[in-house]
Amino acid sequence: MKKITVSKEAIAKLKSLFCWVYQNELATPPKDLKDGESVEIYTAGGEYLATGYINQKSVISVRVLSFEKTEINKEFFRARLQTAIDKRKQIQANSNAYRLVHSEADFLAGLIVDFYNGNLAIQINTLGMENQRDIIIELLVELLNPKGIFDKSDAKVRKKEGIETQNGVIYGEVPNEIEIVENGIKFAMSLHDGQKTGFYLDQRRNRYIVSKYIQRDMKVLDVFCNAGGFGLYALSKGAKVQFVDASASAIFQVENNITLNGYEQCTAIKTDAFEFLTQELESNNKYDLIVLDPPPFAKTQKEAIGAMKGMKFLLDTALKMLNPNGMVAIYSCSHYIGMKQLEEMSFEISKNAKMPLQIVEYMYADIDHPNIINIPNSAYLTGLLLRK
Ligand SMILES: C[S@@+](CC[C@H](N)C(=O)[O-])C[C@H]1O[C@@H](n2cnc3c(N)ncnc32)[C@H](O)[C@@H]1O
């Protein structure tokens, strides 16, 4: 395997088990390397640091696969995939849908695999992993014997890596609609027409946590509801639910899921969340629980300031719409707006409104989206359950 050396900054980060090397951290830009090729990373003094793959077209030029000297071959990927599968055993008791591989957080940079009731969705986001495509598919078939595999490699990041997007069935058969069951609640989802890799699996634990506080006939507002996850849990507890999402296909999914579970006492509306909340506040409509689960408003540090304004509006407005003892669950799925920012924002709003707030729960992504202490970006989903 070819060897590269990296800058002092990169050495310190690699020694802390961070798994990216940026373009400007390559010590002497290597010449005879093909993009996507496996490389070993060394200090100028010849100390081994890590093994990964390189793509000099990308700002993140090297992604680490291992901090131990190893060949990058089928056996390597077999062991990595098996570890990832074993780590998900705990979830299988509560759900037949989970993320099997979460890229860097499973030391398989560039690869995402979701399991949906016997079907797999994969997403390959880097050239280095794209080069391993055939091995990965072979292994997924060998280890999991899926009914079908859907390739959802349609992320924009592939352009930065110099690779075309892909979207479609690449193995077996994947039905247009797949039924999954999460904590006893049924969801119909489609890989052929769904957001992300199909379903917001990362919120599974938080849907359960929030549902513990829901009682019969409570009025619940599920804003940015997508397939209706939080609201459907609330309906299962006998609450009355209003669903809101700007996407017509999300509202279609919600209505389908309500029917699938035989729930009543709810309405779903396709509209902009900011406008809806403004109107509800004006109409003085009150709720016992409001869930705010917006998309990632900040994908970069630069966007974080604008995004915070949006988040602040959402929380401030929702808190004004609560019945006594009411609660708001607010989430950020952006690494740039983390727990600290959520707490600071809640504190500011509470201070300005002269309204003390109780933090009832701190929430993170479920364990199939591992939070690796050495990889700060892996902690991308945070949430607070606040009580007035
Ligand atoms: C993170 S997902 C919500 C996931 C959902 N809570 C769940 O548990 O499955 C964010 C949702 O916000 C919706 N959305 C984005 N912008 C919106 C807006 N301005 N108003 C309403 N919904 C919006 C998207 O369509 C998407 O379904």
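Guide: Let us begin with the hairpin of E3 and E4, where five residues lie between the strands and Gly46 adopts a positive phi near 95°. The names follow DSSP: helices (H or I, at least four residues) and strands (E, at least two) are DSSP runs, numbered from the N terminus. Residues are numbered from 1 along each chain as its sequence is written. The model is predicted, and for this reason local features need pLDDT of at least 70 and side-chain atom pairs count only at pLDDT 80 or more, while totals for chains, interfaces and linings use all residues.

Two strands count as paired if DSSP finds at least two bridges between them. Within this pair, Ile41 stands opposite Ala50 of E4. Strand E3 also has a partner in E1: four bridges join E1 to E3, and these two run parallel. Here Lys2 has Val39 of E3 as its bridge partner. In general, strands of a sheet pair through backbone hydrogen bonds, either parallel or antiparallel.

Five strands form an open sheet in the order E6-E7-E8-E9-E10, and the pairing is mixed. Strand E6 (97-102) and strand E10 (168-172) are at the edges with a single partner strand each, so one side of each lacks a neighbour in the sheet. Neighbouring strands here are turned by 20° against each other on average, direction ignored. Strands E7 (residues 111-116) and E8 (residues 119-124) run antiparallel and are joined by six bridges, and Val113 stands opposite Ile122 in E8.

The helices come next. Two packed helices are described by the angle between their axes and the distance between the axes. Helix H2 (residues 74-87) and helix H4 (residues 133-144) pack at an angle of about 50°, with their axes 10 Å apart. H2 and H4 are therefore oblique to each other. Angles under 35 degrees count as roughly parallel, over 145 as roughly antiparallel, 65 to 115 as roughly perpendicular and the rest as oblique. H2 passes H4 in a right-handed crossing; a crossing is left-handed if the near helix is turned anticlockwise from the far one by less than a right angle, and right-handed if clockwise. Lys74, Phe77, Arg78, Leu81, Gln82 and Ile85 of H2 meet Ile135, Ile136, Leu139 and Leu143 of H4, where contact requires C-beta atoms, placed from the backbone, within 7 Å. The residues of this contact divide into seven nonpolar, one polar and two charged. Ala, Val, Leu, Ile, Met, Phe, Trp, Tyr, Cys and Pro count as nonpolar, Asp, Glu, Lys and Arg as charged, and the others, Gly among them, as polar.

Another pair is formed by helix H9 (residues 273-282) and helix H10 (residues 304-320), whose axes come within 10 Å and cross at roughly 30°. H9 and H10 are therefore roughly parallel to each other, and H9 passes H10 in a left-handed crossing. On the H9 side, Phe274, Leu277, Thr278 and Leu281 meet Phe313, Leu314, Thr317, Ala318 and Lys320 of H10. The contact of H9 with H10 comprises six nonpolar residues, two polar and one charged.

Methods
Axes fitted to C-alpha atoms, helices over the stretch in contact; angles between N-to-C directions. Contact = placed C-beta atoms within 7 Å.
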